[in-house]
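The sequence and the coordinates should be kept in view while reading.

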Amino acid sequence: MADQLTVIVLAAGGGTRMKSKTMKVLHRIGGRSMIGHVLGAVGGLEPTRVCAVVGHQREQVGPHILELLPEAVLAVQEQQLGTGHAVRVALEAMAADTGAPDSGTVLIAYGDTPLLEGATLRWFAAEHEAAQAAVSILSGVVEAPTGYGRIVRDDEGDVLAIVEEKDASAEQRMIREINSGILAFDAGFLLEAVGRIGNDNANGEYYLTDTVQLARDSGLTVTAFPVDDVWQTEGANDRAQLAVLGRELNRRIVTRWMKDGVSVMDPETTWIDADVVLAADVTILAGTQLLGATVVAEDAVIGPDTTLEDCEIGVGARVVRTHGQLAVIGDGATVGPFSYLRPGTLLGAGGKIGAFVETKNARIGDGAKVPHLSYVGDAEIGDGTNIGAGTIFANYDGVEKHRTVIGKHARTGSNNTFVAPVTVGDGAGTGAGTVVRKDVPPGALGLSSGQQRNLEGWAQRKRAGTAQGDAAAAATDEE
């Protein structure tokens with residue numbers, strides 16, 4: 001590959017068919033924006049320079065690009081006057097920065113082709129340079145070319161032109177090789193040719209594809225290289241197309257993980273984002289979504305019907321019918337079913353968060369258990385402690401959040417309420433129904449309920465004539 005490789009990413013279009021306040025290239029699939037996928041592919045080439053052309057909603061798009069690729073040069077296309085004009089704006093921006101590329105290869109990519117892969121761009125650039133071409137076209141051969149520009153070749157296979165469908169003859173419309181829009185240029189030729197592109201067409205725009213004819217007129221080489229995987233060149237202009245690309249991207253991600261040793265029970269109902277990391281021998285059951293930067297260690301079992309976003313799951317852990325975000329689950333721990341893990345949840349090795357439990361900003365120690373029907377917020381639970389069913393950590397006083405600390409190997413009763421801030425010591429216990437408003441020392445038993453009283457004959461007096469009263473009277477008569 002040439003020593004100098006410049007990539008220009010076009011991302012200025014409005015994307016009005018998305019019908020969204022979000023710029024088209026910022027719509028997300030597979031956990032990244034569309035342009036995020038493209039920049040990931042471009043970054044893998046380690047190019048000399050990347051320039052992104054922004055226009056519509058550049059206050060959204062520009063910072064996003066720089067967050068993903070800080071070294072990128074941003075070029076602003078104030079008016080969208082065609083792809084040729086966009087590239088001219090990019091060259092001018094680079095000239096004002098460190099100088100326009102005058103040697104090597106310039107690749108033109110688009111911000112709405114999220115399935116594009118770095119390996120494909122590397123192959124395309126290498127083929128372009130080997131052909132010593134002025135212009136190269138990344139093309140594809142498709143069964144239904146309707147709507148695409150056709151690659152017209154001569155009898156020797158050399159590229160003569162790109163003909164848009166509206167301008168194509170009946171014979172040309174039979175051609176199945178299409179223009180993807182992704183182009184490679186000799187940098188010197190592009191610098192000279194971009195200023196000669198005219199706008200004498202129905203739309204009054206400057207089309208980058210006109211460089212094909214300029215190169216031919218100058219006796220220079222124009223080539224086209226069909227990519228086997230045409231999906232990589234597909235763009236999304238509306239949400240229906242975005243969904244199609246999203247499903248195909250997910251299919252590829254899931255297939256890759258299965259080939260790397262992950263068991264996926266039902267690929268059709270499993271969604272895995274591009275930045276998720278899975279170890280070998282992970283098992284994913286039906287209806288599972290692994291999102292963001294989730295990491296799952298070996299022998300863990302996730303699902304069914306589980307969504308985890310930016311979570312870390314330890315070796316051999318089991319997470320069932322759970323929604324989790326920014327949570328860490330230790331080795332051998334179990335979660336669910338029907339658990340809700342909010343940010344800041346940390347479950348230690350061998351611990352348990354059981355059915356209908358919600359946790360938030362809670363550190364639960366090794367071997368500790370919150371088995372069922374509880375809310376644990378702003379809390380620390382020591383190793384080996386068991387929290388009784390129906391427990392509430394009352395962390396909010398209406399103004400501020402407060403923290404509850406439960407020591408090691410404590411045993412708390414059912415239907416407890418811990419009114420924070422409060423501390424229960426190591427080895428302590430609490431009785432059923434206790435409202436803990438002050439600290440419980442280590443080894444002590446905290447109780448808050450009074451002695452039980454029974455009001456004899458209450459049902460017969462207060463519920464006479466009802467099923468309850470009748471049953472009570474019958475039982476009393478039997479005695």
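Leucine 326 lies in the loop that runs from strand S22 (322-325) to strand S23 (328-329). In this predicted model, leucine 326 has a positive phi of about 50°, although it is not a glycine. Its relative accessible area is 47%; because the exposed class begins only over 50%, leucine 326 counts as partly exposed.

Leucine 373 is not a glycine either, yet its phi is positive, at about 55°. Leucine 373 is placed within a strand, S28 (residues 369-381). With a relative accessible area of 53%, leucine 373 is classed as exposed. Such backbone values deserve attention because most residues other than glycine have a negative phi, and most peptide bonds are trans.

Glycine 336 and proline 337 are joined by a cis peptide bond, with omega at about 5°. Proline 337 sits in the loop between strand S24 (334-335) and strand S25 (339-341). Another cis bond runs from alanine 420 to proline 421, where omega is near 5°. Here, too, the proline belongs to a loop: proline 421 falls between strand S31 (417-419) and strand S32 (422-424).

Attention now turns to the part of the chain that carries an annotation. An unreviewed UniProt entry lists residues 7-150 as "domain: MobA-like NTP transferase".

Helix H1 covers residues 34-43 and is mostly covered, with eight of its ten residues buried. The buried residues of H1 are Met34, Ile35, Gly36, His37, Val38, Leu39, Ala41 and Val42. In an α-helix, residues three or four places apart point the same way, because there are 3.6 residues a turn.

Threonine 6 belongs to strand S1 (residues 5-11). Is threonine 6 buried or exposed? Its relative accessibility is 3%, so threonine 6 counts as buried. Leaving aside residues up to four places away in sequence, threonine 6 touches Arg49, Met94, Pro101, Thr105, Val106 and Leu107.

Arginine 463 occupies the loop between helix H8 (458-462) and helix H9 (467-478). Its relative accessibility of 34% makes arginine 463 partly exposed. With residues up to four places away in sequence again left out, arginine 463 touches Trp458, Gln468 and Gly469.

The overall form remains to be described. The protein contains nine helices and 35 strands. Its radius of gyration is 32 Å, well over the 23 Å that the globule rule gives for 479 residues, so the protein is more spread out than a compact globule. Along the principal axes, the C-alpha trace spans about 110 × 50 × 40 Å.

Of the 479 residues, 47% are buried. Among contacts between residues at least 6 apart in sequence, 40% join residues at least 24 apart. The accessible surface of the protein comes to about 22300 Å², and carbon and sulfur atoms contribute 49% of it. As for charge, the protein has 40 positive and 61 negative side chains. The centres of these two sets lie 10 Å apart.

Note on methods:
Residues are numbered from 1 along each chain as its sequence is written. This is a predicted model: local features need pLDDT of at least 70, side-chain atom pairs count only at pLDDT 80 or more; totals for chains, interfaces and linings use all residues. Side-chain values use heavy atoms; hydrogens and water are left out. UniProt positions are given in the numbering used here, feature names are shortened, and annotations may be inferred rather than shown by experiment. Helices (H or I, at least four residues) and strands (E, at least two) are DSSP runs, numbered from the N terminus. Buried means under 20% relative accessible area, exposed over 50%, partly exposed in between (1.4 Å probe, protein chains only). Contact means heavy atoms within 4.5 Å. The radius of gyration is taken over C-alpha atoms; the globule rule is 2.2 Å times the number of residues to the power 0.38. Accessible areas come from the Shrake-Rupley method with a 1.4 Å probe; for residues, only the protein chains shown count as cover. Lys and Arg count as positive and Asp and Glu as negative; His and the chain ends are not counted. The place of a charge is taken as NZ of Lys, CZ of Arg, CG of Asp or CD of Glu.
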